[in-house]
Amino acid sequence: KGDAGPVGPRGPKGTTGDQGVKGAVGPRGAKGTIGYPGFKGDRGDLDSSAVYVRWGRTACPEDSRAVYTGRAAGSRFNVGGGTNEFLCLPDNPRYRSTLTGSSTYLYGVEWEEWPTSSHVDDNMPCVLCEAQNKTTTYVHPADYDCP
């Protein structure tokens, strides 16, 4: 046998083989280290407001605006279920549906000043007021849109 000769030219590319069988999932890796906290952002504009109810009133103080006026309602004192707090229902409520499988009732709150008053059995008014540059949340009852 003699010495090996020089390397010959590269041959043509072969055809692609079949896809192999997928292997099993490997073990879960170790938990990484906690990253550094980001930079504190700039303080945003205080473009917010707080809402609150004035019971027995139809207007807000000068530093607030009226969102809506309405009437106070709540559960009857001797009936179970319902709400545990009064609600300031808008004067013109809108409902998507009034049909339910079970129900409880809301009753209007009435003035009961005794023995003499011009408001006996009158519905108690309320007004939802908004004060600028304050923050809070409010559930708006008996309507499906924000006022």
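Which residues does Cys-126 touch, not counting residues up to four places away in sequence? What you see is a predicted model, where local features need pLDDT of at least 70, side-chain atom pairs count only at pLDDT 80 or more, and totals for chains, interfaces and linings use all residues. Residues are numbered from 1 along each chain as its sequence is written, and side-chain values use heavy atoms, with hydrogens and water left out.

Okay, back to Cys-126. Its partners are Val-53, Arg-54, Trp-55, Gly-56, Arg-57, Thr-69, Gly-70, Arg-71, Ala-72, Cys-88 and Leu-89; a contact here means heavy atoms within 4.5 Å.

Now the overall layout. The protein chain has zero helices and five strands, so reading from the N terminus you get β-β-β-β-β, where helices (H or I, at least four residues) and strands (E, at least two) are DSSP runs numbered from the N terminus. Take the contacts between residues at least 6 apart in sequence: 69% of them join residues at least 24 apart.

What about burial? Of the 147 residues in the protein chain, 17% are buried, meaning under 20% relative accessible area, with exposed over 50% and partly exposed in between (1.4 Å probe, protein chains only).

The largest nonpolar core has five residues: Val-67, Tyr-68, Cys-88, Cys-126 and Leu-128. Strands β2 (64–74) and β5 (125–132) each bring at least two residues to this core. By nonpolar core I mean buried Ala, Val, Leu, Ile, Met, Phe, Trp, Tyr and Cys residues joined through side-chain atoms within 4.5 Å.

On to the disulfides. There are two in the structure, called as pairs of cysteine sulfur atoms within 2.5 Å. Counting bonded cysteines along the chain, the pattern is 1-4, 2-3.

One of them joins Cys-88 to Cys-126, S to S 2.1 Å. Cys-88 sits in strand β3 (residues 87–90) and Cys-126 in strand β5, so this pair ties together parts that are 38 residues apart in sequence. Cys-88 counts as buried at 1% relative accessibility, and Cys-126 is buried at 0%. With 95° about the S-S bond, this link is right-handed.

And the other? Cys-60 and Cys-129 have their sulfur atoms 2.0 Å apart. Cys-60 is in the loop between β1 (49–55) and β2, while Cys-129 is in strand β5, 69 residues apart. Both Cys-60 and Cys-129 are buried. Here the S-S torsion is about -95°, so this disulfide is left-handed.
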